Amino acid sequence: MATTAVESPPAPASSPRRAAPARGSGGTTRSSAPFWLLTPAGLMIVFVTLLPIGFLVFTSFTNYNQRTLFTGAFDVVGLDQYAAVLADEGFWLSLLRTIVFTAALVVGSVAIGAGMSHLMTRLPTPLRHVTTVVLILAWAMPNVASSIVWSWLFQPQYGVINWMLTQLRVFGDMTSRDWASDPVLAWICIWLLVVWGAVPFIALTLYAAETQVAVELKEAARLDGASEWTVYRVVVLPSIAPTLLLVTMLSIIWDFNVFNQIWLISEGGPNGATSTLGVFTYTTAFSGNLQIGTGSAIAVASTIILAALSALYIRNLVRSGEDL
C-alpha cells in the first residue's frame, strides 16, 4: 500500500531581533573603546595645557606677586593689570620690536628655505640625500644647545666668527668685538641663529611640494622660451602656493614666540634693545619683586594679539580660495 508523505507546515518566521552591541573584554562596548583609549592623552592635555592656561588667565586678574608665593594672599584687581600693561611704554616698544623682528625672520627664513628647496630639486641624488640629512640634523638640534654653541662662535677673543671676519681684512680687527653688547650686531646674531634653525623645516616641506609639480608643465614653459626664473615664477610658485602660505603662517606663529635664542644670546640687552614680548613678559614676571600678575596679563595680551593676526591671515587665505 502506497503511503503519501505529508509535508510539515512551514515554521513561522521569527520576529527580527536587534543585534546586541558587540562587547569587548570587561563588558566595555566597542563604541566607547576609543573614548577610553583617548582618556590618558586627554587627561595629560587637561593637566599640562588647559589648567596652566586657566591659572594664567586667572592670575592676570590678580595682584599675584612675590608676597603671594610666601603667604598665599592676593587680591582680585579685575582689569587693573591690563590697564597698567596698556599704559606701559615698554610694552608697546616690545610689541613693535616683536613685529619688526618677526617680519624679518619670516621673510629671511621663507626666502632662504624656498631657494634651498628649489636647489635640492636640481642636485644629483647622492648630494640631495646628503643635503637632506644635514638639514634634518640642523632641525633636530635643540634650540638651547644651538644657542649656546652660537654664543661660543661669536664670543670675543676666541670666537671663530670674529677670527674669520678679522682674516677677511674688510671689517678691521673683530677679535675683541662683543656682538651681544651692540644692538645692531646682537639682532644680526639672533636673526642668523633663528633663521638657521627655521630653514630646514621650510626647505624640506617646500621641496616635498615642489616634487609634485608636473614635469610636463615646466617642459612646456621651457619650449616656449621661458627662462628658469620665469618657469619657477609662473609654473612652480602657483603650484606650491598653498604649502608656501602654510609654512609662512607657521613661521609667523613660531617667530612671534621666540624666546630661548634671544635670552641665551643677549638676555634682551643691551639696555632692552633686543627685548621682545617674550623677554619683556619674563623679566616683568620673574625679575625684581616678581610681578606675576602683571606678567600674566602681558602673556594673555600677547596671545590675543597673535590669535588676531593668525585669524586675519587665515581669513584672507580662505577668501583667496586657496586650499590648505
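1. In this predicted model, helix 4 (residues 89-120) and helix 10 (residues 228-256) pack with their axes 10 Å apart and at an angle of about 140 degrees. The crossing of these two helices is right-handed.

2. The residues that make this contact can be listed from both sides. Helix 4 contributes Leu95, Thr98, Thr102, Leu105, Val106, Ser109, Val110, Ala114 and His118. Helix 10 meets them with Tyr232, Leu244, Thr248, Ser251, Ile252, Asp255 and Phe256. Sorted by class, the contact between helix 4 and helix 10 comprises 9 nonpolar, 6 polar and 1 charged residues.

3. The helix pair belongs to a chain with 13 helices and 0 strands. In sequence order, the pattern of elements is α-α-α-α-α-α-α-α-α-α-α-α-α.

4. For the chain of 324 residues, 34% are buried. Among contacts with a separation of 6 or more, 62% join residues 24 or more positions apart. The accessible surface amounts to about 20000 Å², and carbon and sulfur atoms account for 68% of that area.

5. Aromatic pairs deserve a separate comment, and the structure holds 17 of them. One is formed by Phe35 and Trp36, with ring centres 5.3 Å apart and planes at 75 degrees, an edge-to-face arrangement. Phe35 has a relative accessible area of 55% and is therefore classed as exposed, since the class begins over 50%. Trp36 is likewise exposed, at 54%.

6. A further edge-to-face pair joins Phe55 and Tyr64: the planes stand at 85 degrees and the centres lie 5.9 Å apart. The geometry qualifies because the centres lie within 6.5 Å and the planes are over 60 degrees apart.

Definitions and conventions:
Residues are numbered from 1 along each chain as its sequence is written. This is a predicted model: local features need pLDDT of at least 70, side-chain atom pairs count only at pLDDT 80 or more; totals for chains, interfaces and linings use all residues. Side-chain values use heavy atoms; hydrogens and water are left out. Rings of Phe, Tyr and Trp (its six-membered ring) pair if their centres lie within 6.5 Å; planes under 30 degrees apart count as stacked, over 60 as edge-to-face and the rest as tilted. Buried means under 20% relative accessible area, exposed over 50%, partly exposed in between (1.4 Å probe, protein chains only). Axes are lines fitted to C-alpha atoms, for helices over the stretch in contact, and angles run from 0 to 180 degrees between N-to-C directions. Helices (H or I, at least four residues) and strands (E, at least two) are DSSP runs, numbered from the N terminus. A crossing is left-handed if the near helix is turned anticlockwise from the far one by less than a right angle, and right-handed if clockwise. Contact means heavy atoms within 4.5 Å. Ala, Val, Leu, Ile, Met, Phe, Trp, Tyr, Cys and Pro count as nonpolar, Asp, Glu, Lys and Arg as charged, and the others, Gly among them, as polar. Accessible areas come from the Shrake-Rupley method with a 1.4 Å probe; for residues, only the protein chains shown count as cover.
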